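Thanks for coming. Let me put the model on the screen, and then we'll walk through it.

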Amino acid sequence: QVQLVESGGGLVQAGRSLRLSCAASGTFFSINGMGWYRQAPGKQRELVARITIRGSTNYGDSVKGRFTISRDNAKNTVYLQMNSLKPEDTAVYYCNAGYQDDLLLVRDAWGQGTQVTVSS
């Protein structure tokens, strides 16, 4: 099973930057796509960014041009660089990973979430 541990959230002023990290650990055959989602109070969870094992990326429309997702496959870690933050980026950010377990079954893992608060 995969465990995901996020770090890097916090309180920041609008226009500043934050970098989130998410490290995967546990027993698995491979980590495949990894990504970040967010959920603001009273809203549905939405895609922020995803990255494939080969580095192909896709972003939610609201963060294109401001956020950058990257990963280090050797460390099983995914990063989210968030620039030009806006108050509407305030949310709990969740890390997600698709993986194959040691029986080669395809599974999905979520982190516990990290709070990002952007003040105006």
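Start with C95: its relative accessible area is 0%, so it is buried, meaning under 20% with a 1.4 Å probe and protein chains only. C22 is also buried, at 0% relative accessibility.

A word on sourcing. This is a predicted model, where local features need pLDDT of at least 70, side-chain atom pairs count only at pLDDT 80 or more, and totals for chains, interfaces and linings use all residues. Residues are numbered from 1 along each chain as its sequence is written, and side-chain values use heavy atoms, with hydrogens and water left out.

Back to the cysteines. C22 and C95 form a disulfide with sulfur atoms 2.1 Å apart; the cut-off is within 2.5 Å. C22 sits in strand β3 (residues 18–26) and C95 in strand β9 (residues 91–100), 73 residues apart. Strands here are DSSP runs of E, at least two residues, numbered from the N terminus. The link of C22 and C95 is left-handed, at -85 degrees about the S-S bond. The whole structure has one disulfide.

Next, the core. Which residues touch the most other members of the largest nonpolar core? W36, L80, M82 and Y93, out of 29 residues. Such a core joins buried Ala, Val, Leu, Ile, Met, Phe, Trp, Tyr and Cys residues through side-chain atoms within 4.5 Å. Strand β9 gives the most to this core, five residues.

That's the tour. Questions, please.

Methods. Helix = DSSP H or I, 4+ residues; strand = E, 2+ residues; numbered from the N terminus. Buried < 20%, exposed > 50% of the residue type's maximum accessible area, 1.4 Å probe, protein only.
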